[in-house]
Amino acid sequence: MQSPEQKLIQIERQEYEDLASQFRPKPKLARNLLWAFVVGGLICTLGQWMVNLMVGRGVSLADASSAASCILIFLAALTTGLGYYNQLGQRAGAGSIVPITGFANAIVASALEFKREGYIFGVGARIFTVAGPTLVFGFVVAVLMGLIKVFLTS
Amino acid sequence: MPGRKKRGQQTVVFDTPPTITAWASVVGPKEGAGPWGRDFDAVMDDYIFGEKTWEIAEYKMLRNTIERALDKRNFRPDDAELLLAGDLLNQIVASNFAARDLAIPFLGLYGACSTMAESLTVGAMLMDGGYFERIVAAACSHHYTAERQYRFPTEQGVQKAQTAQWTATAAGAVLLEARGSGPYIKAATVGKVIDMGQTDASDMGSAMAGAAVHTIKTHLDDMALSGDYYDLIVTGDLGKVGSAIARQLFVREGIVSPNYSDCGVLLYDREQAVGSGGSGCGCSACMLCGPLLKKMRGGELRKLLLICTGALMSPITAFQGESIPGIAHAVAIELW
């Protein structure tokens, strides 16, 4: 049970929230979606173009895919270091976070940020500050998928 | 029993009001490119200030600002009796390191972005109390040190919310003297911590507006003044969102026709892509120690109420889902 005082605070806070919410600018959904679609699409198209190019010259699909990923990661790391990727991210949002380039950006940005605290307690300890959750939950999902596969095929 | 100099609920009025005899501000390139660029004492060429790290750049900026303020009265750091300063970094290291170099007796303050008003209030009280005759009150913030401590690595490609604010790279320092000419500190209102239950760490304006209006209302009631008494009532860093909320709350609280603005809104141009506006200790500190005091010296402003607003959260409490309490302190500065 809530005491009357707690209830009063809750009402006051709700009133305040109702007032405050009128003044928060709405996210520009259509523009954000368009940017995310175009930038994300372009990054993936670039990757696909590289794969097609390499396969066309006789590289196996598996090798071409790995090479294309490496090149995209390199480009993302380079543009992060040069200070362009965050500017892209401000506009493209998920469009530049979701592709593999976003993962590279997260790791390189952290590495750059914490380099000044040294290679062990800075770079080493904190390089996965942002990308860490992706790895952890990526592994968790991989294990779950593996288990599902084992049960379905046995 | 309330103190002899206490007025009303939360306000103190100074018997022998401390005078602001000198002030200085140093800002970063983005702040210098804003509408007030020429009103600051110096604009840094870049954010690193010729140093190895942003943290060192921040404390050098603060030290430089304090030296400039003292220099205007031909004082050396030894001549100051007390330094009151604070910043946003963990353990307020920027202020600690600046105080180490300056070797002025030092009391470090933390009030998040409300630090400038906090240092002026404490300084004015100590001076009116008769303990010191020459006090420096200062505050600073740096965009990139704050960004890495509170948010993401600076090169991280994330989209900032439109309600988010831009931590100013700026420092401001005020020299208070028991005697001298200049604007004086008439009264100060110490704010309560007010929690409106807001939890969004990228919307500080909403979290602090309640505290700001509470302090303004209390100040006006304690001093028996109406809203239009001051030539300008200026909050520290509510930004566009927070100041819009504050204006509505003025109506609710019956504060009549205040001449109101916000340093976070004023500091940058519309085109500078700063979301809801500026923030950080340096935001109100550099606006006070640049354009605002300049206008007071020129006589354009004669009665100023500065309310610096702070969001009292840490990245840890934010991740733990706790609400963001706000605080606001008010300082009344007037011309003789």
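What follows walks through the chain and domain contacts, the pocket and the cavity of a predicted model.

The model being predicted, local features need pLDDT of at least 70 and side-chain atom pairs count only at pLDDT 80 or more, while totals for chains, interfaces and linings use all residues. Residues are numbered from 1 along each chain as its sequence is written, chains are lettered from A and ligands numbered from 1 in the order in which they are written, and side-chain values use heavy atoms, with hydrogens and water left out.

Start with the two chains. Contact (heavy atoms within 4.5 Å) takes in 32 residues of chain A and 31 residues of chain B. The buried area, meaning the accessible area (1.4 Å probe) lost when two parts are put together, summed over both, is about 2,800 Å² here, with carbon and sulfur atoms giving 52%. On the chain A side, Y16(A), E113(A) and R116(A) supply 27% of what that chain buries against chain B, more than any other three residues. There are 4 salt bridges across this interface, a salt bridge being a side-chain nitrogen of Lys or Arg within 4 Å of a carboxyl oxygen of Asp or Glu. E117(A) and R148(B) form a salt bridge, with their closest N and O atoms 2.6 Å apart.

Y16(A) turns up again in the lining of the second largest pocket, along with E12(A) and E15(A) and, from chain B, residues including I194(B), H214(B) and R252(B). On a 1 Å grid over the protein atoms alone, a pocket is an open set of points with protein on both sides within 12 Å along at least five of seven lines, a cavity is a set where a 1.4 Å probe fits but cannot get out, and lining residues have an atom within 4 Å of a point. The volume of this pocket is about 250 Å³, counted as the space filled by probe spheres set on the points, which are joined across faces, edges and corners. Helices are DSSP runs (H or I, at least four residues), numbered from the N terminus; α1 (4–21) of chain A and α6 (204–222) and α7 (239–253) of chain B each give at least two lining residues. The largest share, 4 residues, comes from α6(B). By class, the lining has 5 nonpolar, 2 polar and 5 charged residues, where Ala, Val, Leu, Ile, Met, Phe, Trp, Tyr, Cys and Pro count as nonpolar, Asp, Glu, Lys and Arg as charged, and the others, Gly among them, as polar.

Chain B itself splits into domain 1 (6–177) and domain 2 (184–334), with bounds from an automatic or database domain assignment. Their C-alpha centres lie 17 Å apart, and the contact involves 59 residues from domain 1 and 64 residues from domain 2. About 4,600 Å² is buried between these domains, 64% of it from carbon and sulfur atoms. This interface has 1 salt bridge; K294(B) and D39(B) form a salt bridge with closest N and O atoms 3.2 Å apart.

Of its 21 lining residues, L88(B), C113(B), R151(B), M204(B) and S279(B) are the closest to the centre. Both domains of chain B supply at least three residues each to this lining, which divides into 12 nonpolar, 6 polar and 3 charged.
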